[in-house]
Amino acid sequence: IVKNRDVKNETSPTKRRQRIRISDISTGKTDDPHAHHCYCHVAIKIMDKAQLIRLKQTRAALRERKILTYLTEILDDGEYKREPFVPRLLMSFADESSLYIVSELCDGGTLADLFRHANSDAQSLSNHEERNQWARHISAQIVCGLEFLHSMRIIHRDLKPDMVLLLSSGSVKLADFGSAIQVQSDNMEEEIDGMSEFVGTADFVSPEMIRGTRDPTNVRAPF
């Protein structure tokens with residue numbers, strides 16, 4: 001893939017502009033002689049513009065790009081010294097029909113895929129202690145990923161097995177920030193409490209979020 005490493009200045013008016021088509025991604029072609037060449041495996045999320053408009057998901061797509069750009073800036077600046085457990089944004093662009101988000105490749109599928117494989121394979125993680133060790137390993141990384149997001153004032157709001165990406169090394173990355181929000185005030189809980197819309201997937205949210213009840217636990221439900 002051909003990309004410019006200066007991701008955080010992507011929208012700068014002084015940045016060189018180059019025309020990149022999705023067909024160029026696999027061949028590594030570009031008309032910019034100053035572009036940095038980096039050949040590697042990446043993940044490309046392709047979003048159809050017409051479908052985004054029809055499903056009223058345009059804001060979600062733009063929000064995801066904005067949050068990934070912000071997180072990548074933080075990581076590239078070296079301000080966060082620990083493993084963030086979120087994929088870095090490599091580049092984003094659009095053509096006449098689609099929006100594209102290019103990020104680090106997580107080559108192990110999703111946590112949901114792993115669940116399905118374990119359920120269909122009688123020999124998979126058959127030992128009780130192995131299952132416990134595996135669950136602790138995955139859960140700890142998810143918690144660390146959420147801690148990083150919360151330290152950046154970002155609430156995911158749609159965390160589920162399909163959003164937990166796996167690497168072949170056994171590490172995880174939290175993905176899909178279309179439902180996420182970046183809290184602006186110092187009091188995160190007060191700002192969350194003022195939001196009334198239902199966000200997320202019904203099978204994976206707390207009962208009070210589905211009911212819309214205003215009990216004390218509802219304040220922390222999005223967390």
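The legends below describe close-up views of one predicted model. Local features need pLDDT of at least 70 and side-chain atom pairs count only at pLDDT 80 or more, while totals for chains, interfaces and linings use all residues. Residues are numbered from 1 along each chain as its sequence is written, and side-chain values use heavy atoms, with hydrogens and water left out.

**View 1. Overall chain.** The secondary structure comes to seven helices and seven strands, where helices (H or I, at least four residues) and strands (E, at least two) are DSSP runs numbered from the N terminus. Along the sequence the pattern is α-β-α-α-β-β-α-α-β-β-β-β-α-α. Of the 223 residues in the chain, 38% are buried; buried means under 20% relative accessible area, exposed over 50%, and partly exposed in between (1.4 Å probe, protein chains only). Among contacts (heavy atoms within 4.5 Å) between residues at least 6 apart in sequence, 65% join residues at least 24 apart.

**View 2. The three-stranded sheet.** This open sheet has the strand order β1-β3-β2, with antiparallel pairing; two strands pair if DSSP finds at least two bridges between them. At its edges lie β1 (42-48) and β2 (89-94), each pairing on one side only. Neighbouring strands are turned by 15° against each other on average, direction ignored. Axes are lines fitted to C-alpha atoms, for helices over the stretch in contact, and angles run from 0 to 180 degrees between N-to-C directions. Five bridges join β2 to β3 (residues 98-104), and Ser92 stands opposite Ile101 in β3.

**View 3. Helix α3 on the sheet.** Helix α3 (residues 58-76) lies across β1, β2 and β3, running at about 145° to β2. Its 19 residues reach 27 Å from first C-alpha to last, close to the 27 Å expected at 1.5 Å a residue; the expected span is 1.5 Å times one less than the number of residues. Buried residues of α3 include Ala60, Glu64, Ile67, Leu68, Leu71 and Leu75. Just after α3, Gly78 takes a positive phi of about 75°.

**View 4. Arg157 in its loop.** Arg157 is found between β4 (154-155) and β5 (164-166). Arg157 counts as buried because its relative accessibility is 14%. The side chain of Arg157 reaches the backbone oxygen of Ser179 at 2.8 Å.

View 5. The structure holds zero disulfides, a disulfide being a pair of cysteine sulfur atoms within 2.5 Å. Cys106 is buried, at 13% relative accessible area, whereas Cys144 is partly exposed, at 22%.

Conventions: Polar contact = N/O pair within 3.5 Å; in protein donor to acceptor, adjacent residues only side chain to side chain.
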